[in-house]
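Biologist: Could we go through this structure together? I would like to begin with the strands.

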There are 2 protein chains.
Amino acid sequence: MISAWPRMFARAPRTVYSLGVPADVRAVSRLSRDEARALLGGKGAGLFEMSRIGLPVPPGFTVTTDVCRSYHARKAESFLTPEFHAAVARLEAAVGRRLGDPRGPLLVSVRSGSKFSMPGMMDTILNLGLNDRTALGLQFQTGNPRFAWDCYRRFIAMFGAVVNGIDKAEFEAVLTKVKSDCGARTDAQLSAEGLRRAVVLSQDLYKERAGFPFPQKPVEQLRLAVTAVFDSWNNPRACAYRRLHRIPQDLGTACTVQAMVFGNMGADSATGVGFTRDPGTGEPAFYGEFLVNAQGEDVVAGARTPRPLSELESHMPSAYRRLLEISGKLERHYADVQDMEFTIEKGRLFMLQTRTGKRSAMAAIRIAVDMVAEGLITPEQAVMRLSPEQLDELLRPVFDEGASARAKVLARGLPAGPGAASGKVCFTSERAVAEAVHGPVILVRPETNPDDIQGMAAAQGILTATGGMTSHAAVVGRGMGKVCVVGCGELESLGLKEGDWLSLDGFKGRVLEGRVEAQPSEILEVLLGKRPAEKSELYRRYERFMAWADAARRLQVRANADTPADAEAARALGACGIGLCRTEHMFFGPDRLPKVLAMIIAESEAERLEAVEALYPLQKADFLAIFNTMRGLPVTVRTIDPPLHEFLPRTREEAERAAALHGLDAGRLWSKTLELKEANPMLGHRGCRLGITFPGITRMQARAILSAACEAAAEGGGAAPEIMIPLVGHASEFRHQKRLVAEAAEAVFREHGRRVDYQVGTMIEVPRAALTAGEIAPEAEFFSFGTNDLTQMTLGYSRDDYGRYIGRYLEMKILDADPFRSLDATGVGRLVRLAVAEGRRARPDLKLGVCGEHGGDPASIRFFHDAGLGYVSCSPYRVPAARLAAAQAAILS
Amino acid sequence: MISAWPRMFARAPRTVYSLGVPADVRAVSRLSRDEARALLGGKGAGLFEMSRIGLPVPPGFTVTTDVCRSYHARKAESFLTPEFHAAVARLEAAVGRRLGDPRGPLLVSVRSGSKFSMPGMMDTILNLGLNDRTALGLQFQTGNPRFAWDCYRRFIAMFGAVVNGIDKAEFEAVLTKVKSDCGARTDAQLSAEGLRRAVVLSQDLYKERAGFPFPQKPVEQLRLAVTAVFDSWNNPRACAYRRLHRIPQDLGTACTVQAMVFGNMGADSATGVGFTRDPGTGEPAFYGEFLVNAQGEDVVAGARTPRPLSELESHMPSAYRRLLEISGKLERHYADVQDMEFTIEKGRLFMLQTRTGKRSAMAAIRIAVDMVAEGLITPEQAVMRLSPEQLDELLRPVFDEGASARAKVLARGLPAGPGAASGKVCFTSERAVAEAVHGPVILVRPETNPDDIQGMAAAQGILTATGGMTSHAAVVGRGMGKVCVVGCGELESLGLKEGDWLSLDGFKGRVLEGRVEAQPSEILEVLLGKRPAEKSELYRRYERFMAWADAARRLQVRANADTPADAEAARALGACGIGLCRTEHMFFGPDRLPKVLAMIIAESEAERLEAVEALYPLQKADFLAIFNTMRGLPVTVRTIDPPLHEFLPRTREEAERAAALHGLDAGRLWSKTLELKEANPMLGHRGCRLGITFPGITRMQARAILSAACEAAAEGGGAAPEIMIPLVGHASEFRHQKRLVAEAAEAVFREHGRRVDYQVGTMIEVPRAALTAGEIAPEAEFFSFGTNDLTQMTLGYSRDDYGRYIGRYLEMKILDADPFRSLDATGVGRLVRLAVAEGRRARPDLKLGVCGEHGGDPASIRFFHDAGLGYVSCSPYRVPAARLAAAQAAILS
């Protein structure tokens, strides 16, 4: 059915590229792979590449994504150009058949394809060109009336579904009715006459639903099909998919029109998919499935069970050998695992698609390491082959596959902390702490707040009813490496009771019934010293892979850690220091809170100082433990940051309970709470504003940090404290706090009879600080960008409130991404770049880092690398992913 | 006693300048007047200038402010340099006497003096050089033992007070005791012996209080005196004065050491002060007071009643004629009113000081206009002679002087709205509205909120217990031109009852008992058409003065006005348009609030649209009235801005009352209130975020604005609406809202069969908007800087909460000024300049203005002028002051 491509069209058209036309193939080959995929879609680019290296590809042409974009911009069907018609003519000439020719009609497939793979999101139509006359022609040409009517039936259903939005199930119902009328149990038992009857009834259905008869003119069919493919770019599920995967919404899809080849022409025909390596394990073995006498959609639909590719060898030995040879050639050509679609028509092999094979995290790391060993790729290329998210996945506990599949999904929420966890439901933090002694617990709360820290630490997983990806539960839970599902609106209606077993799938945000078996991460167990490295092949791959990543990156990676346990994990996971140690998290401990409350409700300066002093030995012990853990690595300690009312009770009842518990005056506690209430606490009396109006707190903290550092140094372990002043907006604020620190330092050093090196720096989180970086830098030894607050203030978005509109904003494309998840490079990023440039100008050796949530986000890490920062800091369990993201940023920049 | 200055020292020293040394006088004369005052203080500069033009000035020298600054920086008494000693030697040579010479001692005065006049804030010491031996010398030299011992007694007291901080009253007590011991009733009755006894007892007191004997060495006296003068720069009252008058804290004071001349050497001696014109009325007549046989401090102390200068003519005709001649010469020389101090020693006149005379607002405008008529100054110079605050004062009602002096001051608060008001106390807005029908009322509230608008409008004055200069009461009250005293902490304790008469002095923040008579501003009465212009000489001066100001300025001045009454006032006061019309202020009217509440609690989109539609005719009528008032001048209307919960009740009880009143469901109202509550409303769901998520509101408002504009145009008055979108951070937000407006416009124009010109622009109030001005400007026809919110977000200061630390910040010099009062030019200003530059680059004809509170602040207006904005917009009653500030900015730049 297929002939060689005639070399008759030399001129390369601009909006349509024809496969097999040498000038077009050459033009495409001059593009980079990215450019080719951007212009022709992944599918089109793969076909042109296969054509270029001499693989068997059916003739066809691709309408570029430019055309789709201009179609959407102008809403005009501008693709029916002379160029388009010429491409159709070329295709007819290449195949030797014409569209609509009743004696031997050309049939084509019409497929979408965009720069980034969006599997199943957009539409495809097969067998286009069939009508009441060409169906007869196909019957005549193939001598196979069953085949012809089956093709026509499938075409009407697919066309109706894609072009006119008719439910596929309605066409299925027609087929079922015909089968029942004929007494056929399976499709295969239907006669040609039965299939013909299905065609007639499908046309009736089409007319009824569409309001006009099924179009008989193939050119009209083609116009409608291409339009539908373009429109499918903007269908809601495609838009949602792109948003989820951060694919730009304005790329558009290409459309490839290709001569049909048939895997359903008998026992010498087949269709299938193949992977050059096993996409689940990474094992270097040809892997795939095929169906004899079938079309591609049969494999996808799952009505018949495909057979493993290894069986093809005995069935069609020559086609199998050719396929194996092509598989090897393609993997070598692309130097990566390929995912191929092929069809065998009457013994002849055609390649319909090749693309980079998606693979599991487990497979990805094995393939990357193996391919370096095989000399196929360089270590740098290997580093690009695993996404930071995949690496993160390898560090998480996972449910046993079977158990997870059997488990009942009770509800869904947002996947805020990946991993798998099971435990008994606890509704309060106290309960969680108490129950955790007896076994694993899941903390279930409407939402969490700083009081819940102990309970969160004790729990295996955290489930909340409200809050988004940056809510307290999400941020703090993620930071602790906990499995976390937030914003589960259905929670109330589940009727959970304390003590019930529950499982959380933090990868997908699923809430599962009962206790689902899970396994810890093998790599993490080795890293944390719970399993010997020698016994884990996976760990050895990880180790090699991370060594390449570390060699490639320029950004250092630190961790945000508030406790010795956090610090321990941070070191184990490869952090080269602590970038943010929040001292106030230490204030919530049951031994500290009464002292903190006493400090807040103090009625005189003397009373306040006394309460502050009571905190001193506790804080010093905290810092000493952290310094001892970090053994001389830098530790950035932030002085007190949150507004004082965060430590106070929220209701009169809570005040009474707290007062009784801690032996305080309930009336004073509650009246202080009311007094300290703020209209906009985010912009309130917090950060260095506290340290300036209550200098005793800063003095005490500086003394605790530096005394601990002296003691750590005396014990031989060393300490490199960096004291960080939060919420600075004016250089004068920083100067004031720095002076307090310096005075405390001199006193401490005198007392200990030794000095330790320390630095004093500032967070850059108030826009004014970024705008006046040139004034602050001469005073500050380091800047640490607090991109959470910087985003809040630069965009005017309260992280606690933006949930009211951010969803609509993303839907309406007002925003491309959640600015708290991925840094707003245009607005917030401009402030960062400005502060970097002007800070460095004022102090060339200024240390620059970032300690906001963005420090763990790959896209943001790319930005920070490009902006020239020295380090990022993120939660300990994000450290490996951040190291990888930093390496990828360095390689890409 | 005084000889000509010997021309023996030619080299001009760097840290000390000697009066009468030609090289020094020449060096000073090469400086600009500002530079001279900065270097030598106002007093020093005046002395050098008088010396230069040949007026009689006692010899002396001035230690520069540089020395004071380096003294404070290094805390070293570095002024005792060889230069200093040389200057002392020159002074001794010039006078022909030496410090400490027992036979004819040199006595000097040591005076402070800084660039900006700070009357009475810093210290002065007279008669320095006296000790137990030189007192005898002085007695011998003058032949007047009473005089000598009186000088010595005064010197010890002054020195003790200034250098050692001993209470002056203690020295007074010594004198009183001596008088009583001697049976003397007045100082004059004391014998020389009595005065000598006072010296001895004063020395005893000194020793007891200071802990060491009174220093006898004149050089030591001099060192201590200069040190004390330098230290007095930083005394608390001087710091507070500078903060209040926005004088930089780091200028330092100069110190002038000058040979004493004595007005207390008998009946042929005198001392006094003179003004070249009357500083109260501006009348062009020599004005002042003198005392015979007295030292300067006697005039200040008020123990004796000085006589009017006119009487000097008969007393000392030749000295008077010389003084009159000097007065004219000085006024002509400086081309401004001079305030002079002089002393006549045995018939010989010495000038001790000349400086620009302070004057009342009334005098200032008369002097400015008169001096132009006299050809002394140009109109541009005249424009610089009245501060915007003084101009503002001329537009306010004032208390009758006598009545005000007699009235009892009950309490003090912050002067948030200038003027004088009396009325009956009302504790609620409802009550104020009801009572205002019967007579003037004062609204007294803990604090005000938007519900109080009606009551505030009805009241003559507003008094609140809490809140600062930018609280709701202050901002809105000022905007309405109301007399306003806020933050009156003592309010609770006054025991006020409803119906009590109360008076408010909004100039000084005083709360006065009872009904104090006040008069309306004469100028304002003419402007508002309540008094004929012909009958007011004051108005005619105002008119001429403002014409000069308007000719000089480049910035246009608009007004913020939400009602036709505001708009009327704005026009009368010279606004060339409305820069901010807040549509939501219209939402609080009693006929609107139920509809607004219905809109908010709507449970379906249809229900919401219905409620929104019900607001349409009301909003349209509002806009029509404003357009008709403004007769074609531009009116910038801002679409809805505040978060919806601002319209909702604050408590469950309020919700029940409101629901009953407006026929709504109380439960729904309250649950919606809870639902809409935000953690940080300032950064919440407001501004265009509302317009985007509830597009119906924007559509309705655009329709109302443009329909009203069409009707105004049809009625012949014209309308130039500018629709302003608030809280834009992303260009995409603006595009969305602009599209809604454009669609509404087309529909309205079709309906009315006519088009009107309109513009759509944006507020720049989110830092990101400023940072991406280049992306927004291609879409927006104008930018209006909302500097209140821009300040809140750029500095991270919540205006509702910053009161917790701003006081300390100003005290501690962390900040120089309240950033909500005067624009933070460094931080916020940088964003403004950046947005101006990048906005203009993207759209050269971009209209640029400012509509925040800063639009009425002179220092900020100067910044906006320099930044190249086109207009400022402020409250109607600030318009004349803003016009003047704009003119002064243009002249100064």
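**Strands, helices and backbone angles**

Modeller: In this predicted model, strand S25 (residues 759-764) of chain B runs parallel to S26(B), and three bridges join them. Strands, of at least two residues in state E, and helices, of at least four residues in state H or I, are DSSP runs numbered from the N terminus, and two strands pair if DSSP finds at least two bridges between them.

Biologist: Which residue stands opposite Phe783(B)?

Modeller: Thr762(B) stands opposite Phe783(B). In S27(B), the bridge partner of Phe783(B) is Leu848(B). Strand S27 (residues 847-850) of chain B is joined to S26(B) by four bridges, and the two run parallel.

Biologist: Which way do the residues of S26(B) point, and are they buried or exposed?

Modeller: Phe782(B) and Ser784(B) point one way, Phe783(B) and Phe785(B) point the other way, and all are buried. Buried means under 20% relative accessible area, exposed over 50%, and partly exposed in between, with a 1.4 Å probe and protein chains only. In a regular strand the side chains alternate between the two faces of the sheet.

Biologist: What about the model itself: how are things numbered, and which residues count?

Modeller: Residues are numbered from 1 along each chain as its sequence is written, while chains are lettered from A and ligands numbered from 1 in the order in which they are written. As the model is predicted, local features need pLDDT of at least 70 and side-chain atom pairs count only at pLDDT 80 or more, while totals for chains, interfaces and linings use all residues, and side-chain values use heavy atoms, with hydrogens and water left out.

Biologist: On to chain A. Which residues lie on each side of strand S16 (residues 461-464) of chain A?

Modeller: Gly461(A) and Leu463(A) are on one side, Ile462(A) and Thr464(A) are on the other, and all are buried, with both faces of the strand covered.

Biologist: What is the bridge partner of Ile442(A) in S16(A)?

Modeller: Gly461(A) is the partner of Ile442(A). Strand S15 (residues 441-445) of chain A pairs with S16(A) in the parallel sense over four bridges. Gly461(A) also has Val483(A) as its bridge partner in S17(A), and three bridges join S16(A) to this parallel strand, residues 483-486 of chain A.

Biologist: Now the helices. At what angle do the axes of H1(B) and H2(B) cross?

Modeller: Helix H1 (residues 22-29) and helix H2 (residues 33-52) of chain B have axes that come within 10 Å and cross at roughly 120°. Axes are lines fitted to C-alpha atoms, for helices over the stretch in contact, and angles run from 0 to 180 degrees between N-to-C directions. H1(B) and H2(B) are therefore oblique to each other; angles under 35 degrees count as roughly parallel, over 145 as roughly antiparallel, 65 to 115 as roughly perpendicular and the rest as oblique.

Biologist: How many residues of helix H33 (residues 787-795) of chain A are buried?

Modeller: Nine of the nine are buried, so H33(A) is largely enclosed by the rest of the structure. Gly796(A) follows H33(A) and has a positive phi, near 70°.

Biologist: Where is Asn127(A), and what is its phi?

Modeller: Asn127(A) lies in strand S4 (residues 124-128) of chain A. Its phi is near 65°, a positive value in a residue other than glycine. Asn127(A) is buried, with a relative accessible area of 0%.
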